[in-house]
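Me: I would like to learn how to read salt bridges and nonpolar cores in a protein model. Please start with the terms.

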Amino acid sequence: FSSLPNLRLGLGLETPFAYFDATAGGGVFWNFALLSPTGRGDLSARFKLGRLFTLGPHAGLIYFGEPLWFSTPRVEFSDAWGYSVGLGFTVGVKAISFSLSVDYLSASFDVEPKASVSTNEGELDISGRAIQLGILCRF
């Protein structure tokens with residue numbers, strides 16, 4: 001299990017049929033073995049489905065800073081770039097809504113073992129499915 005809490009701010013455009021947003025922000029990637037600071041940017045198009053619902057695609061880039069490893073044996077990792085793509089859904093009013101996004105995340109860190117440690121892989125791949133839950137505020 002891993003978590004990727006973050007805070008993003010951005011600019012949006014509202015049309016009669018959709019919201020178009022560009023956001024950027026930061027956070028952390030963590031699980032029980034490592035912790036990495038992150039920075040990310042995202043573009044989304046969410047189409048209005050009535051007064052309370054939106055649905056649409058998004059895509060973004062994620063930067064993972066050099067992570068701290070909390071397990072043994074001692075290894076170091078490089079920083080990494082990754083991407084996410086997915087489908088987002090919101091429910092709420094224009095000013096505040098709850099959001100759910102089902103995504104695919106792709107990223108991997110190069111592994112740099114310490115002295116007297118060997119690894120069978122040259123990278124740590126954290127790619128896979130992700131679910132994002134959040135609150136979306138529009139000003």
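Reply: Buried means under 20% relative accessible area, exposed means over 50%, and partly exposed lies in between (1.4 Å probe, protein chains only). The model here is predicted, so local features need pLDDT of at least 70 and side-chain atom pairs count only at pLDDT 80 or more, while totals for chains, interfaces and linings use all residues. Residues are numbered from 1 along each chain as its sequence is written, and side-chain values use heavy atoms, with hydrogens and water left out.

Me: What is the mean pLDDT of the protein chain?

Reply: pLDDT is the predictor's confidence in each residue, from 0 to 100. The chain has a mean of 90, and 95% of its residues reach 70 or more. Strands are DSSP runs of E, at least two residues, numbered from the N terminus.

Me: How many salt bridges does a search of the whole structure find?

Reply: Side chains of opposite charge can pair when their charged atoms come close. A salt bridge is a side-chain nitrogen of Lys or Arg within 4 Å of a carboxyl oxygen of Asp or Glu. The search finds five. One of them joins Asp 42 to Arg 8, with the closest N and O atoms 3.8 Å apart. Asp 42 lies in strand β3 (residues 34-49) and Arg 8 in strand β1 (residues 6-14), so this pair ties together parts 34 residues apart in sequence. Asp 42 counts as buried because its relative accessibility is 7%, whereas Arg 8, at 27%, is partly exposed.

Me: Which side chains meet Asp 21 in a salt bridge?

Reply: Arg 46 meets Asp 21 at 2.6 Å, N to O. Asp 21 is in strand β2 (residues 18-30) and Arg 46 in strand β3, 25 residues apart. Arg 138 also forms a salt bridge with Asp 21, at 3.2 Å, N to O. Arg 138 lies in the segment after β11 (128-137), so its pairing with Asp 21 ties together parts 117 residues apart in sequence. Asp 21 counts as buried at 10% relative accessibility, and Arg 138 counts as buried at 18%.

Me: How many residues does the largest nonpolar core have?

Reply: In soluble globular proteins, nonpolar side chains tend to be buried together. A nonpolar core is a set of buried Ala, Val, Leu, Ile, Met, Phe, Trp, Tyr and Cys residues joined through side-chain atoms within 4.5 Å. The largest one has 13 residues, and Phe 64, Phe 77, Phe 109 and Ile 126 have the most contacts inside it. Strands β4, β6 and β9 (108-113) each give two or more residues to this core.

How values were computed. Helix = DSSP H or I, 4+ residues; strand = E, 2+ residues; numbered from the N terminus.
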